[in-house]
Amino acid sequence: MCCVTQELSLSSKQLRSMVRQALADLRHQAEEAAGAVEELRFRYRREVQEWNSQNNELPDLQGNIKVFCRCRGFSAGKSCLDAASEQELLVHGKGSMKKFLFDKVYPSSTSQEEIFEGALPIITSCVSGYRVCILAYGQSGSGKTYTMTGTKDKPGVNIRSIRELLHVCKGKENYTFNLKISMLEIYNDTLYDLLSVNPNNPLEIRSQGRSISVPGLTHVEVKTEEDILNAMDMVDKNRKIGSTNTESSRSHLLLTLTLEGRDSASGGSSSGTLTLCDLAGPKHFSKTEATGQSRVEAAAINKSLTSLRQVFSALKSNALHVPFRNSKLTHLLQPCLSGDAKCLVLVNVNPDGKHMVETLSTLQFGSALRQIALGKTAQHISPTKNKADKQH
Ligand code: ADP
Ligand code: MG
C-alpha cells in the first residue's frame with residue numbers, strides 16, 4: 001500500500017512538472033508569436049509608408065480630399081444602412097433606396113484597427129513633410145469621438161497616430177525626429193488650449209500671409225507612450241465638457257501633431273503636420289428645444305459648420321475667394337484645406353432608421369466632397385545643405 005502511495009505521489013509530481021514545462025513552452029511560443037505579429041505589422045506599415053512616399057511623387061489627379069464613410073456599430077433592431085461594396089453605401093427608407101459613393105465605405109462591423117489602417121497612408125505622409133488633416137464629420141451620436149479618440153481598450157485614430165509616428169520615427173535610420181502635439185477646443189467660437197495650465201484663457205488666431213498661428217498655444221514634446229497618456233489626461237481635465245460624455249459634441253476638438261525631421265547625414269530637414277479634428281455635430285433646434293446657453297452653443301456650432309460647408313463649396317467650384325475667415329474653425333483649418341495639403345474626411349453615420357433625415361443630409365454633404373482638388377500637394381522639405389552653405 002505504502003509503495004503504491006509513493007508511486008502515485010511520484011507520478012503526480014512528474015505530472016505536475018510536465019504540465020508546468022508544457023505551460024512554460026506554450027507561454028514562450030505565445031510570446032514568440034506575438035513578437036512575430038508585431039514585427040509583421042511593423043513591416044506592413046513600412047511597406048505602406050514606402051508605397052506612400054512613391055505614390056506622393058505622382059501627380060494627384062484625383063483631387064486631394066478623400067472621403068471615407070463609417071457606419072456606427074449597431075445592435076438594436078434593423079440597420080437602415082447597407083455597405084453594398086467597398087465604395088457604395090445603400091440607405092433603405094420606407095419604400096425607397098438611395099445610393100451614395102465614397103472612396104471607402106466601412107460597415108458597422110469595422111474595428112478601430114481597420115479604420116486606422118485605412119487612414120494610415122494619409123497619416124504617415126506627414127513623415128515625408130506633408131501637411132495633412134483628418135476631419136470626423138457627422139451628427140451627434142454617430143461615432144465621431146469613438147472613431148477619433150475611442151476608449152482605453154479600443155483607442156481611436158488620435159492615439160494610434162501618435163504611437164505610429166513615434167514608431168516610424170524610431171525606425172528611420174540617420175533621421176532624428178521631434179514630435180510635438182497641441183490640442184485646441186473651439187467652444188462658442190472661442191479657442192481654448194487644452195494642454196495649458198490656464199485652459200480657461202481664450203486664445204486668438206494670427207495670420208501672416210498664408211501662415212496661421214495661435215500665439216501662446218502649448219506644444220508638448222512626446223517621446224514615449226507615457227508622454228502621450230499624460231497629455232491625454234491633461235486634455236480630459238481641461239475640456240469644457242468631458243470627452244467621454246456624448247455631450248462632448250458641443251465643441252470642436254483639434255489635435256495637431258507637428259513632426260520635424262532632420263537627416264543627420266545630409267543635413268536636409270522636413271516639417272510635416274497632421275491635424276485630427278473631431279467636429280461637433282450639427283444641432284437641430286426642433287429636436288433639442290434648446291434654451292439659453294445651449295441655444296447659444298448650438299447656434300455657434302451650426303454657424304461654424306455652415307462656414308465649413310461654404311468653404312468646401314467654394315473649393316469645389318474653384319471660386320477665387322474661399323471664405324476661410326467666416327469662423328474660427330475654418331480659419332484654423334485654412335492651411336489644411338488649401339494649396340498643398342491633403343485631407344481625409346471621415347463621415348460617420350448612425351444606422352438607426354430614427355435618424356434617417358440627418359443621416360441623408362450627412363451622406364449628401366460627405367459624398368459631394370469627393371474629388372475636390374485643393375491644389376497640387378507639396379512636401380515641406382528644406383534641401384540638403386551644401387558645403388558652401390555650411391561655411392556661413
Ligand atoms: P459622436 O461623437 O458622433 O457624438 P460618439 O462617438 O460619442 O458619437 O458615439 C456615441 C456612442 O456610441 C458612444 O457611447 C460610443 O461609445 C458608441 N459608439 C460609437 N461608434 C461605435 C462603434 N463603431 N462601435 C461601438 N460603439 C460605438
Ligand atoms: Mg463627440
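Modeller: Gladly; bear in mind that this is a predicted model. A place to begin is Cys343, which is buried, its relative accessible area being 0%.

Biologist: Which cysteine sulfur is closest to the sulfur of Cys343?

Modeller: That is the sulfur of Cys133, at 3.6 Å, which is too far for a bond because a disulfide needs the two sulfur atoms within 2.5 Å.

Biologist: How many disulfides does the structure hold, then?

Modeller: The structure holds 0 disulfides. Cys126 is likewise in none, and the nearest cysteine sulfur to it belongs to Cys169, 8.2 Å away. Cys126 counts as buried, with 1% relative accessibility.

Biologist: Switching to charges, how many salt bridges are there?

Modeller: The count comes to 8 salt bridges. One of them joins the side chains of Glu113 and Arg160, with 3.3 Å from N to O.

Biologist: Where do Glu113 and Arg160 lie?

Modeller: Glu113 belongs to helix α2 (residues 112–124) and Arg160 to helix α4 (residues 157–171), so this pair ties together parts 47 residues apart in sequence. Glu113 is partly exposed at 24% relative accessibility, whereas Arg160 is buried at 14%.

Biologist: And what does Glu225 form with Arg163?

Modeller: Glu225 and Arg163 form a salt bridge, their closest N and O atoms lying 2.8 Å apart. Glu225 sits in helix α5 (residues 225–238) and Arg163 in helix α4, so the pair links parts that are 62 residues apart in sequence. Glu225 is partly exposed at 35%, and Arg163 is partly exposed at 34%.

Biologist: Is Lys354 buried or exposed?

Modeller: Lys354 counts as exposed, with 66% relative accessibility, and it forms a salt bridge with Asp352, the closest N and O atoms being 3.8 Å apart.

Note on methods
Residues are numbered from 1 along each chain as its sequence is written. Chains are lettered from A and ligands numbered from 1 in the order in which they are written. This is a predicted model: local features need pLDDT of at least 70, side-chain atom pairs count only at pLDDT 80 or more; totals for chains, interfaces and linings use all residues. Side-chain values use heavy atoms; hydrogens and water are left out. Buried means under 20% relative accessible area, exposed over 50%, partly exposed in between (1.4 Å probe, protein chains only). A salt bridge is a side-chain nitrogen of Lys or Arg within 4 Å of a carboxyl oxygen of Asp or Glu. Helices (H or I, at least four residues) and strands (E, at least two) are DSSP runs, numbered from the N terminus.
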